[in-house]
Each structure stands twice: as structure tokens, then as C-alpha cells.
Amino acid sequence: MVPPHSPEAQNPKKSSKSSGSFRSAVNSIKMHFSSHPRFWLFIAFLWVQALIISFSRSPPACFPDRSVTVPVQYPEIRTTADSNATESEAPIAAINYSEECPSGRIFVYELPSSLNWDLVNPDCTDLDQWRWDCGIFPNHGYGRAATELRRFLPGDLYKSWYHTNQYTLEIIFHHRVLRHKCRTSDPESATAFYIPFYAGLAVGKHLWGNDTDIRDRDCNSMLDWVQNQEYWKKANGSDHFMSIGRVTWDFRRLTDPGKSWGSTFLNMPLMNKITRFIIEKYPGDEMDISVPYPTGFHPKTIEDLSDWQSFIRSYNRSTLFAFTAENPSWVGTDFRQFLMNHCAEESSSCRAVECSITDCWTNSSAILLTLLNSEFCLQPKGNTFTSKSAFECVITGSIPVFFTKTAYEQYEWFFPGDPESYSVFIDQEEAQNGNVSIKSKLLGYSRDEIRRKREKLIETIPKIIYAKPSGRMKKFEDAFDIALDGVLERIREEKEWIDFLRRRM
């Protein structure tokens with residue numbers, strides 16, 4: 001991956017006119033307007049039209065009532081192609097809501113298998129340091145059970161842990177949405193349409209090759225397919241959404257020949273209206289919604305979750321801070337190398353895990369036990385704004401220490417609004433220049449302050465994990481539920497607001 005490239009700011013040039021000429025022009029305009037009242041009416045009409053267009057993209061908080069409850073049925077799933085009705089033959093059905101699905105229902109497209117299932121590597125069933133796509137296939141994306149943890153965790157806590165690949169978001173989302181209570185087989189009654197395209201796998205296979213066209217091949221095939229679907233045409237894709245298992249920068253290749261990394265997928269015009277759940281978003285694109293990285297913690301029930309929360313709350317931590325280096329291929333000036341060296345210098349207060357030496361992929365205890373034993377964990381910015389490690393810190397109750405504020409611009413739907421309530425911020429330059437001592441800063445927090453921060457982390461855990469529900473036993477909202485409810489509400493509100501405006505025009 002490459003670092004994000006921010007567009008250069010465009011600053012408008014200031015007028016060079018004198019203040020006297022400006023006042024003269026304004027007085028002239030005032031005299032003109034006062035003698036032409038019809039002109040004012042014309043201006044007011046244009047202003048109202050512009051306001052309506054603006055509101056259609058940014059709906060307010062209040063919308064028409066949708067409290068009528070309608071029974072929901074789930075017959076056998078069929079695809080859009082199975083329907084004989086066309087857009088011209090059948091009227092558009094009103095979206096029905098129910099108490100169980102207050103924001104409507106989801107229709108899942110049945111894409112050609114070459115765009116999802118066939119992209120998964122079935123022959124590599126466990127995590128591999130040298131093959132990023134290994135371990136994605138087993139257990140619907142959750143990975144192989146981390147049974148080695150039974151030696152370190154009390155009781156049945158180890159049963160909630162798996163060897164989960166961080167790039168498996170697309171498979172987990174697809175599996176969960178297919179079994180969601182609000183999935184419908186009737187596209188006419190759907191609020192939103194899910195596109196189960198595994199873009200991360202399709203593009204990831206070719207990121208390190210020289211053929212840039214092949215990185216876009218499957219992306220173009222998916223868009224060619226979906227734009228011919230009846231229900232895409234009704235809203236030009238604005239009620240469609242998908243999940244992407246790699247960071248946004250892997251899909252924003254620039255036209256500059258020197259910027260050859262990644263695919264152009266998210267720059268393609270047909271992607272402009274599709275909502276994307278992605279493990280790291282581009283802050284300037286409102287259609288990107290950042291969702292948590294998949295970690296290895298997937299409780300099945302609320303009891304499993306509560307047992308883990310109680311365990312980390314009372315865990316006796318013996319180290320002040322920790323630093324985990326899962327892929328330490330850095331140059332000497334990299335801030336992460338600075339932190340690794342700093343940790344070695346402060347070995348009585350810091351524990352480090354270097355995965356180039358320790359087997360972090362098939363031995364989950366290497367990172368887990370280090371974080372469990374640490375009050376704080378260092379989270380520098382790497383090639384991208386965030387990493388899976390930040391979520392592992394939260395799940396283990398180790399308070400994350402961020403060095404750039406870009407991390408706080410991600411995952412707004414999932415983390416508390418006040419960063420100070422659950423984390424520590426130390427400016428990277430201040431730390432690297434020696435103006436701030438990391439150890440002294442962390443030692444400055446009292447036991448009560450640490451306890452409050454940890455309690456906020458413990459409250460946050462359900463929102464940043466992907467549970468592995470067994471039937472309907474889960475009974476708590478996880479990251480998937482929050483994301484799905486959020487996108488349904490967003491699409492529903494926009495549809496109702498546009499409909500509201502149409503009825504009054």
C-alpha cells in the first residue's frame with residue numbers, strides 16, 4: 001500500500017478593486033433592485049429551487065411518519081433476473097416497514113460466482129506471513145479456531161477466538177447479510193440493495209504486478225453487470241451498497257503514470273453513488289464509510305461477550321505500555337522504528353512484539369498476552385491512517401496511544417465521540433524530537449483515570465467486533481449490525497425526503 005495523496009487546496013484569488021468602487025457598485029445595485037421588485041421575486045424563486053436540490057442530497061432529521069407495522073415474510077430467495085416484470089409493466093411498490101425492520105429491508109444480488117466465491121483461495125486455510133489471502137476461506141471468513149489459546153485463557157474464553165485474516169470483511173458481511181432478519185426476496189419492497197462483490201480479493205491478487213489493467217478487470221465486470229439490473233436503473237445505484245476488505249487507497253489509482261498503485265475502482269463514475277463499507281475510508285468521500293478491521297474475537301452470545309469483558313476488567317497488568325510490529329519492513333527514519341528502539345530502551349516499562357521474529361500468525365497468544373499485560377499500547381500511523389492493531393488494543397482493554405489525529409477521523413459510527421475518554425494523544429513530532437517523553441506522559445495518568453478510560457473501551461468492544469452468531473442467541477449489536485442499520489437508515493431517509501419533495505411540487 002502507499003500513503004494517501006491529498007488533493008492540493010485551491011484558494012480563490014481576492015479582488016483587487018478599491019473599497020470606494022465597491023461601495024459605488026453596491027449602491028447602484030440597490031437602486032436597481034428597489035426600482036425592479038419583480039427581479040427580487042425571480043431571485044427568490046431561484047434560491048428556493050437551489051435549496052430544494054441541496055436538501056435532496058442532505059436530508060434533515062425529521063421525516064414523514066412510518067409507524068405502520070407490516071408483517072414480513074421471507075420466501076425462497078430469487079434474483080432480479082427471475083422476475084418477468086419490467087420497469088414499464090409494474091408500478092413501483094411502496095417500501096414497507098415493520099417493527100423488526102424499522103428502516104426497511106435488503107435485497108441481495110446474486111452475482112456471477114467469478115465476482116465473489118471464485119476469488120477466495122480454498123487451498124490455504126490458515127494465516128500465512130507470506131500470503132495475504134490465506135485463512136479467508138474457513139468458517140465463513142472468521143478463520144480457523146484459535147484452540148492454542150486454551151492454555152492461556154481461563155474457562156471457555158478461548159472459544160471466542162479465531163485466526164481471522166484482516167482482509168476478510170467482504171466474506172463476513174456477505175455471510176451475515178444473507179442470514180439477516182431484514183433480507184427480502186422481493187426487490188420491489190427493498191429499501192437497499194447489497195452487491196456482494198469481493199473487490200478486495202479481486203484487486204489484491206494483482207496489486208504487486210505490473211499490469212494495471214488487470215486490477216480493474218473484475219471491477220469493470222461487476223459494474224457492467226449491475227448497471228443492467230432493473231433496480232439499479234431506478235435510482236442509478238444510490239440505494240446500493242457493498243463492503244470492501246482493503247483500505248480505500250488500494251482503489252484510487254491516479255491518472256498520473258507515476259502513481260501506479262492500486263485499482264481505479266472507486267474513481268469509476270458508476271461508483272459515485274454506491275455506499276461502501278471499507279476498513280479505512282477516504283475522508284473526502286461521503287460514500288466511504290469506515291468500519292472496523294476484522295480481529296480474531298468473535299463471541300457467539302452475550303454471555304461470551306460479558307465473560308470476556310469481566311476478564312479484561314480485572315486482569316492484573318504488569319507493563320506500562322506495549323508496541324506490536326506485525327510487518328516491520330521500515331526504513332530507519334520511520335517513526336515505527338523509533339518506537340521499536342524506544343521500547344527497547346525502556347524495556348522495564350515496555351513490551352514489544354516483532355512478528356518478523358515471533359510467529360504472530362498461527363500463534364495468537366504472542367500479541368494477545370502482550371496487550372493483556374499492558375496498560376497502554378502504542379498506535380503510530382503507518383502506510384495508512386489506522387491498522388487492525390488499534391482494534392486489538394481495545395478488545396484487550398489496553399488503552400491506545402495515537403500520535404496523529406487522522407486516526408480519530410475514521411470509524412465515527414463505532415467509537416465514542418470524545419477521543420480523550422478512551423485514548424491518549426501524543427504528537428508524533430514532539431515525541432520524536434524528544435520534547436515529550438512517552439513513558440513520563442503515560443505515568444502521569446492516575447489509577448482512576450486509567451480505570452475510566454479502560455471502562456470506556458470495555459463499553460466500546462461490542463461495537464467494533466464481528467460476532468459469530470449461532471441462530472438468534474447473540475442479543476447484542478456488533479459492528480455489522482451498526483453498519484447495516486446505519487446504511488439502511490441513510491438510504492431510507494434520502495428516499496423519503498425525495499418522495500416528500502415530489503409530493504409537494
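Reader: What makes strand 10 and strand 11 count as a pair?

Author: Two strands pair if DSSP finds at least two bridges between them. Strand 10 (residues 374-379) and strand 11 have 4 bridges, in the parallel sense, so they meet the definition. One of the links joins Gln379 to its bridge partner in strand 11, Phe402. Strands here are DSSP runs of E with at least two residues, helices are runs of H or I with at least four, and both are numbered from the N terminus.

This is a predicted model, in which local features need pLDDT of at least 70 and side-chain atom pairs count only at pLDDT 80 or more, while totals for chains, interfaces and linings use all residues. Residues are numbered from 1 along each chain as its sequence is written, and side-chain values use heavy atoms, leaving out hydrogens and water.

Reader: Which strand pairs with strand 11 over 2 bridges?

Author: Strand 12 (residues 424-425) does, in the parallel sense. In strand 12, Val424 is the bridge partner of Val401.

Reader: Which way do the residues of strand 11 point, and are they buried or exposed?

Author: Ile399 and Val401 point one way, Pro400 and Phe402 the other way, and all are buried.

Reader: Why is the pair of Trp117 and Tyr198 called edge-to-face?

Author: Rings of Phe, Tyr and Trp (its six-membered ring) pair if their centres lie within 6.5 Å; planes under 30 degrees apart count as stacked, over 60 as edge-to-face and the rest as tilted. For Trp117 and Tyr198 the centres are 5.8 Å apart and the planes stand at 85 degrees, so the pair is edge-to-face. By the ring rule there are 30 aromatic pairs.

Reader: What makes a nonpolar core, and how many residues has the largest?

Author: A nonpolar core is a set of buried Ala, Val, Leu, Ile, Met, Phe, Trp, Tyr and Cys residues joined through side-chain atoms within 4.5 Å. The largest has 77 residues. Helix 14 (residues 479-503) gives the most to this core, with 8 residues.

Technical notes: Buried means under 20% relative accessible area, exposed over 50%, partly exposed in between (1.4 Å probe, protein chains only).
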